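Here is a short briefing to read beside the model. Keep the sequence and the coordinates open as you go.

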Amino acid sequence: MEGRILHLNGYNSKKRIPKTICSFVNHSTIIKMPVQKKKEVKKVTTNVLHEMKVSGEKISMLTAYDYTMAKIVDHAGIDVILVGDSASNVMAGHETTLPITLDQMIYHASSVVRAVDRALIVVDLPFGSYQGNSKEALNSAIKIMKESGAHAVKLEGGREIKESIERILTAGIPVMGHLGLTPQSIYKFGTYNVRAKEEDEALRLLEDAKILEKAGCFALVLEKIPAKLAEKVAKEIAIPVIGIGAGGGVDGQVLVFHDMVGLNNEFNPRFLRRYLNLFEEITGAVGNYIKDVKSKDFPNANEQY
Ligand code: KIV
């Protein structure tokens with residue numbers, strides 16, 4: 001049997017020990033505590049994602065922004081967790097992703113990192129933390145990696161951020177790209193409509209995808225573009241392409257966790273598949289709790305000391 005030795009005097013005697021053992025030890029006793037062997041997990045790395053693309057296995061990716069949700073999502077077996085700047089919308093209630101700061105992203109990312117055993121954790125560089133110049137981009141990426149313990153960063157944009165991507169990569173930080181609908185540029189585009197429907201924008205997106213691949217991105221997110229174009233991009237580049245509202249011809253899918261479990265019932269784009277209706281479920285549960293408190297049904301005799 002595996003055992004962890006506890007010295008039951010001084011500092012270690014403060015450790016919590018099951019009552020059954022405590023009852024027959026004195027302060028200088030050494031006991032062997034049974035320890036559950038942690039299951040070996042094969043961690044998802046950027047290489048694993050590449051192998052998945054080659055073998056044709058689809059990549060699953062979801063957002064998470066806190067410890068509890070990340071624990072559930074990782075436990076369920078997700079391949080990639082994105083600590084998205086969509087936290088600005090779903091966690092903080094902002095209208096856009098622009099207000100979230102680097103320190104706020106680090107807070108979310110470090111909560112997620114503490115929960116996860118298996119998934120690859122990618123963190124969005126927030127608006128304003130990388131667009132200035134490549135040195136600023138590198139500093140922001142290093143700060144995120146150092147202070148959160150995440151595994152990679154994601155940046156929105158094409159050729160205009162090539163130099164920043166290359167510079168971040170010189171520090172050994174893996175970079176995921178993001179093209180199509182790029183929410184940090186919402187005020188430039190003016191709407192959240194489907195992107196790259198016209199031929200010139202589609203051609204530019206394909207060129208940008210190739211530029212990001214050549215710059216060294218390990219994967220690419222394509223958001224809200226025609227399925228045919230997304231499939232073409234996935235065929236023409238060797239890195240995994242993960243889509244959101246980009247059809248089934250890509251190498252994987254990503255959704256915002258809160259949308260996918262129906263915590264948010266106000267966002268209903270065509271690409272969203274809802275697996276639960278937690279808004280309704282939780283509203284019902286809270287309603288029942290209120291009713292039980294008001295009627296003095298809670299707590300009952302078994303729910304008190
Ligand atoms: O921030 C986010 O959640 C994202 C996904 C929509 C890809 O970037």
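Which residues are around the ligand? They are T63, L82, G84, D85, S86, D124, V221, E223, I244, V254 and V256. Keep in mind that this is a predicted model.

**Confidence**
- The protein averages a pLDDT of 91. A score of at least 70 is reached by 88% of the residues.
- Residues 1-27 fall below 50 in pLDDT. Beyond near neighbours in sequence, this stretch has 29 contacts in the model.
- Where pLDDT is low, the predicted coordinates should not be read in detail.

**Ligand shell**
- By class, the shell around the ligand holds five nonpolar, three polar and three charged residues.
- D85, D124 and E223 are among the residues around the ligand.

**Helices α9 and α10**
- Helix α9 spans residues 199-215, and helix α10 spans residues 227-236. Their axes come within 10 Å and cross at roughly 25°.
- That angle is under 35 degrees, so α9 is roughly parallel to α10.
- The crossing of this pair is right-handed.
- On the α9 side, the contact uses A202, L205, L206 and A209. On the α10 side, L229, K232, V233 and E236 meet them.
- Six nonpolar and two charged residues make up this contact, with no polar ones.

**Helices α6 and α7**
- Helix α6 (residues 134-148) packs on helix α7 (residues 162-170) at an angle of about 45°. The axes are 8 Å apart.
- That angle makes α6 oblique to α7.
- The crossing of α6 and α7 is right-handed.
- From α6, the residues in contact are S134, A137, L138 and A141. From α7, they are E163, S164, R167 and I168.
- This contact has four nonpolar, two polar and two charged residues.

**Backbone details**
- Where is the cis peptide bond? It joins F298 and P299, with omega at about 0°.
- P299 sits in the segment after α12, a helix that covers 278-294.
- K224 has a positive phi, near 50°, and is a residue other than glycine.

Key:
Residues are numbered from 1 along each chain as its sequence is written. This is a predicted model: local features need pLDDT of at least 70, side-chain atom pairs count only at pLDDT 80 or more; totals for chains, interfaces and linings use all residues. Axes are lines fitted to C-alpha atoms, for helices over the stretch in contact, and angles run from 0 to 180 degrees between N-to-C directions. Helices (H or I, at least four residues) and strands (E, at least two) are DSSP runs, numbered from the N terminus. Angles under 35 degrees count as roughly parallel, over 145 as roughly antiparallel, 65 to 115 as roughly perpendicular and the rest as oblique. A crossing is left-handed if the near helix is turned anticlockwise from the far one by less than a right angle, and right-handed if clockwise. Two residues are in contact if their C-beta atoms, placed from the backbone, lie within 7 Å. Ala, Val, Leu, Ile, Met, Phe, Trp, Tyr, Cys and Pro count as nonpolar, Asp, Glu, Lys and Arg as charged, and the others, Gly among them, as polar. A residue is near a molecule or strand if its C-beta atom, placed from the backbone, lies within 6 Å of it. pLDDT is the predictor's confidence in each residue, from 0 to 100.
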